[in-house]
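Subject: Structure handover

Hello,

Please find the structure below, with the sequence. My notes on what was found in it follow.

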Amino acid sequence: MQDLNWNDVRVFLAVADAGQLGRAAQKLKLDPTTLGRRLKRLEQRLEVTLFERSRQGQALTEAGEALLAKAEGMAELARRIEDVSVSHSGLSGTLRLSVSEGFGSQFLAPYLKAFARQHPALTIELVASSGFLSPSRREADIAVMLSRPKAGPVLCRKLSAYRLKLYASHSYVQQNGTPATLADLDQGHRFISYVPDLLYAPELNYLDEFHSGIEAQVRSSSINAQHKLVESGAGIGVLPCFIADRSTGLRAVCPEKFIERSFWIVTHRDTQTLAKVRAGKEWLRQCVAQGRNRLLP
């Protein structure tokens, strides 16, 4: 073990965690061929086979399981050494945050400038998309999700609740009238929502919670696109208040009716004590505290 290259051990850990060479290469930002060569070199030095190829990817052999137990201890020691370094020189490396599209682009983004200035040596990746990267597979350092993960080596904590209402543009209600009650929604109105079979989280299937039987005639997998569609007068849509209330051209429909959802901070159990992860979680809590009135108006 004394002649082992730590970078080769990191490759081994990444493949063991991801289960696939391609995913591991993407995480480490290596060419898959280079990653495979390093893994082969490690196996030759140890004179064992660490993985067996399956249809799903790479599965640990008995020798691989034995190495994993030791390598995880090495990784934890390396993280502690990194934290000692951080305490003297500040945060560095890369912090990847996976968040929903609307929350990332329309709520968090304005706060990011101050966080980046505070940690100039830290590369911050804000992955704001329709879907979430998995902290349990080390695809992200921190994920802000819409529900607690049901399984996996992760820790989660509620970040904040947020409120959603029905919204329409001024031009839409001028042409189609303003529903005075929820029952009036049945009176020939057009609705905008998600594409049902492309929902990336069941918590987004909320149109029916406002009034049973409502169906959307205009659909998009993007909440930002839905926002623009509602602004354009294409129909009535359910939007987070932190997005819609900043649009002067929108008004709440049946404003006494609203629903709430929650954001959850999710981190991998093994990395949640890293200095950069702790800083990222604290920054998220500060953002929510500052924007509380937007999330829960």
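**Findings**

Of the 297 residues in the chain, 45% are buried (buried means under 20% relative accessible area, exposed over 50%, partly exposed in between, with a 1.4 Å probe and protein chains only). This is a predicted model, in which local features need pLDDT of at least 70 and side-chain atom pairs count only at pLDDT 80 or more, while totals for chains, interfaces and linings use all residues. Residues are numbered from 1 along each chain as its sequence is written, and side-chain values use heavy atoms, with hydrogens and water left out.

The chain has 11 helices and 11 strands (DSSP runs numbered from the N terminus: H or I of at least four residues for helices, E of at least two for strands). Its C-alpha trace spans about 75 × 45 × 30 Å along the principal axes. Taking contacts (heavy atoms within 4.5 Å) between residues at least 6 apart in sequence, 76% join residues at least 24 apart.

On helix packing: helix α5 (residues 101-118) and helix α10 (residues 275-290) have axes that come within 10 Å and cross at roughly 125 degrees. Axes here are lines fitted to C-alpha atoms, for helices over the stretch in contact, and angles run from 0 to 180 degrees between N-to-C directions. The angle makes α5 oblique to α10 (under 35 degrees is roughly parallel, over 145 roughly antiparallel, 65 to 115 roughly perpendicular, and the rest oblique). From α5, the contact is made by Phe-107, Leu-108, Tyr-111, Leu-112 and Phe-115; from α10, by Ala-279, Gly-280, Trp-283, Leu-284, Cys-287, Val-288 and Gln-290. One of these α10 residues, Cys-287, is buried at a relative accessible area of 1%.

On cysteines: the whole structure was searched and zero disulfides were found (a disulfide being a pair of cysteine sulfur atoms within 2.5 Å). Cys-254 is in none, and the nearest cysteine sulfur to it, in Cys-241, is 14 Å away. Cys-254 is buried, at 2% relative accessibility. For Cys-287, the closest cysteine sulfur is also in Cys-241, at 19 Å, which is too far for a bond.

On Phe-191: this residue lies in strand β7 (residues 191-193) and is buried, with a relative accessible area of 3%. Leaving aside residues up to four places away in sequence, Phe-191 touches Leu-185, Leu-207, Ile-214, Glu-215, Ala-216, Gln-217, Val-218 and Ile-236. Phe-191 and Gln-44 are 147 residues apart in sequence, and their C-alpha atoms are 61 Å apart in space.

Regards
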